Amino acid sequence: MGAGSMRWLTAAAFLVLATATACVAQLRRNYYAGVCPNVESIVRDAVTRKFRQTFITVGATVHLFFHDCFVEGCDASVIVASTANNTAEKDNPINLSLAGDGFDTVIKAKAAVDAVPQCRNRVSCADILAMATRDVIALAGGPSYAVELGRLDGLSSTASSVNGKLAPPSFNLDKLTALFATNGLSQTDMIALSAGHTVGFAHCNTFTGRIRGPTPDPSLNSSFAAQLRTWCPPNVDPRIAVTMDVVTPRAFDNQYFKNLQNGMGLLASDQVLHSDPRSRPTVDAWAQSSTAFNKAFVEAITKMGRIGVKTGAQGNIRRNCAVFN
């Protein structure tokens, strides 16, 4: 390799590093101190009201944040509604399973923030989603953590941009690890974030292949499989969904990992974390220690919140989270 090529590669590597550093530098915990100092308590109060209406709020908000960050970065592009001229991210088939309560949580929190004159149109929908996710996790008994803020809302949202960015339930460990690596997340981060499935629901069609057919999945607990066949009979209504953690469905906890030890991971991409000997030690460690899991989860979701952050001309603050300005 010539010196010119080496200089180019070094410059390219520096550019990537500088871009990533700029995104992180833009995010900070007290970002809104000068314009909307009480934003976190305003959002928390609105999220708490929504949580008291329905516990579906927890899983719905967590999954919305995941699906937002993995497609074009954490920029609230998943909340944008489709128009006659554009099919938005939320209408990609893989996103049709996102519960409406997650979207409603962000919209209600945005309305509460904008009801304060000094805060109106000063706080991004992307940051409100990040705060709301932290708040629902805490309300469900999970770890509370400081959220980095300073994201702008994205300027585009297309259904086609979702393709290949989110893990289908059939992914094995190598595919899961590779997908997360494209977003700067390690295998350990991936295992921690997979525990977002300790809350929320999955539709029957995401796991029916594991409970029916000539060869049901041998990694699935047989009693659990029998129960799932009862809940999801042949020709079941496609709207029917099952709690992803059937033991403590309303708690954000490390029961997810205990379930995997017992062959009760609902999706194949969950159970593989215990079936594969490379990831099993981490699953076993976090099944034993909620403290260790909580620490790893906070680190991982903080890193996830830095994916593809929009700054400067890359974004703006949407007046309506579902509509571009």
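Guide: Buried means a relative accessible area under 20%, exposed means over 50%, and partly exposed lies in between, with a 1.4 Å probe and protein chains only. This is a predicted model, in which local features need pLDDT of at least 70 and side-chain atom pairs count only at pLDDT 80 or more, while totals for chains, interfaces and linings use all residues. Residues are numbered from 1 along each chain as its sequence is written, and side-chain values use heavy atoms, with hydrogens and water left out.

Visitor: OK, so which domains does the protein chain have?

Guide: The assignment gives domain 1 (38-162) and domain 2 (173-304), with bounds that come from an automatic or database domain assignment. Their C-alpha centres lie 23 Å apart, and 20 residues from domain 1 and 21 residues from domain 2 take part in the contact between them, where contact means heavy atoms within 4.5 Å.

Visitor: Is D68 buried or exposed, and where does it sit?

Guide: D68 counts as buried because its relative accessibility is 1%, and its place is in helix α3; helices (H or I, at least four residues) and strands (E, at least two) are DSSP runs, numbered from the N terminus. Apart from neighbours within four places in sequence, D68 is in contact with G73, C74, D75, A76, S77, V78 and L129.

Visitor: And V71, what does it touch?

Guide: V71 sits in the loop between α3 and α4 (100-114), and with 0% relative accessibility it is buried as well. Not counting residues up to four places away in sequence, V71 touches S77, E89, S161, V162, K165 and L166.

Visitor: Which residue is listed for "active site"?

Guide: The unreviewed UniProt entry lists H67 under that feature. H67 belongs to helix α3 (residues 56-69), and it counts as buried because its relative accessibility is 17%. Beyond neighbours within four places in sequence, H67 is in contact with I94, N95, L98 and L166.

Visitor: Switching topic: how many residues are in the largest nonpolar core?

Guide: The largest nonpolar core has 71 residues, and those with the most contacts inside it are I79, V113, L193, F257, L273, I301 and M304. A nonpolar core here is a set of buried Ala, Val, Leu, Ile, Met, Phe, Trp, Tyr and Cys residues joined through side-chain atoms within 4.5 Å. Helix α5 (residues 125-139) gives the largest share of this core, nine residues, and each of domain 1 (38-162) and domain 2 (173-304) supplies at least three residues. There is also a second, separate core of 14 residues, which includes L220, F224, M244 and L267.

Visitor: What does F257 touch?

Guide: Leaving out residues up to four places away in sequence, F257 touches I191, A195, V283, W286, A287 and F293.

Visitor: Which residues of α12 are buried, and why are they on the same side?

Guide: In helix α12 (residues 280-288), the buried residues are T282, V283, W286 and A287. They lie on the same side of α12 because they cover an arc of only 135° around the axis, the arc being that of the directions from the helix axis to the C-beta atoms. These buried residues pack against α7 (187-194), α10 (255-261), α11 and α13 (290-304), whereas the face turned away from the buried side carries the exposed residues P281 and Q288.

Visitor: What polar contact does the side chain of H274 make?

Guide: The side chain of H274 makes a polar contact with the side chain of D284, at 3.4 Å. A polar contact is a pair of N or O atoms within 3.5 Å; within protein, one must be able to donate a hydrogen and the other to accept it, and residues adjacent in sequence count only if both atoms are side-chain atoms. H274 itself is in helix α11 (residues 268-275) and counts as buried because its relative accessibility is 16%.

Visitor: Last one: how many residues apart in sequence are V47 and T105?

Guide: V47 and T105 are 58 residues apart in sequence, while their C-alpha atoms are 6.2 Å apart in space. V47 is in helix α2 (residues 39-53) and is buried, with a relative accessible area of 0%. Setting aside neighbours within four places in sequence, V47 is in contact with T105, A132, D135, V136 and L139.

Key. UniProt positions renumbered as here; feature names shortened; annotations may be inferred.
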